[in-house]
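Dear colleague,

Please find the structure below, handed over for your study.

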Amino acid sequence: VAARDRAVSARDGEWSAVKVWFHAALEQPATKRAEYLEVGLRAQPALLREVQSLLAAHDQGAERFERS
């Protein structure tokens, strides 16, 4: 049970980091987001990929909404 609790806690911490970086990236100009994330998350490639994936989905959703 303790190992499971630690795993859940670690995932919660990872998700918190994803949310922080995602929202911080949204505050950057769209043209600067990639560089901002690559510099800030250089040592955390898995986190970088996750945030990039969420931003891509976010941008696609916004694009579809604007075309409607």
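Arginine 33 is buried, with a relative accessible area of 15%. Here buried means under 20% relative accessible area, exposed means over 50%, and partly exposed lies in between, with a 1.4 Å probe and protein chains only. Please note that this is a predicted model, in which local features need pLDDT of at least 70 and side-chain atom pairs count only at pLDDT 80 or more, while totals for chains, interfaces and linings use all residues. Residues are numbered from 1 along each chain as its sequence is written, and side-chain values use heavy atoms, with hydrogens and water left out.

Overall fold and confidence

The protein chain has three helices and zero strands, giving the pattern α-α-α along the sequence. Helices (H or I, at least four residues) and strands (E, at least two) are DSSP runs, numbered from the N terminus. Of the 68 residues in the protein chain, 16% count as buried. The mean pLDDT of the protein chain is 84, and 75% of the residues score at least 70; pLDDT is the predictor's confidence in each residue, from 0 to 100. Among the elements of the protein chain, helix 2 has the highest mean pLDDT (97) and helix 1 the lowest (78).

The salt bridge

Side chains of opposite charge can pair when their charged atoms come close. The structure holds one salt bridge, a term for a side-chain nitrogen of Lys or Arg within 4 Å of a carboxyl oxygen of Asp or Glu. The partners are arginine 33 and aspartate 59, at 3.6 Å from N to O. Because arginine 33 lies in helix 2 (residues 33–40) and aspartate 59 in helix 3 (residues 45–67), the pair ties together parts that are 26 residues apart in sequence. Aspartate 59 is partly exposed, with a relative accessible area of 36%. Leaving aside neighbours within four places in sequence, arginine 33 is in contact (heavy atoms within 4.5 Å) with Ala25, Leu26, Gln28 and Asp59.

The aromatic pair

Rings of Phe, Tyr and Trp (its six-membered ring) pair if their centres lie within 6.5 Å; planes under 30 degrees apart count as stacked, over 60 as edge-to-face and the rest as tilted. By this rule there is one aromatic pair. The ring centres of tryptophan 21 and tyrosine 36 are 5.7 Å apart and their planes stand at 50°, so the pair is tilted. This pair links distant parts of the chain, with tryptophan 21 in helix 1 (residues 2–26) and tyrosine 36 in helix 2, 15 residues apart. Tyrosine 36 is partly exposed, at 28% relative accessible area.

The nonpolar core

A nonpolar core is a set of buried Ala, Val, Leu, Ile, Met, Phe, Trp, Tyr and Cys residues joined through side-chain atoms within 4.5 Å. Which residues make up the largest nonpolar core? The nine are Val18, Phe22, Ala25, Leu37, Leu41, Leu47, Leu48, Val51 and Leu55. Helix 1 and helix 3 each supply at least two residues of this core, and helix 3 gives the most, with four residues. Not counting residues up to four places away in sequence, phenylalanine 22 touches Val51, Leu54, Leu55 and His58.

Yours sincerely
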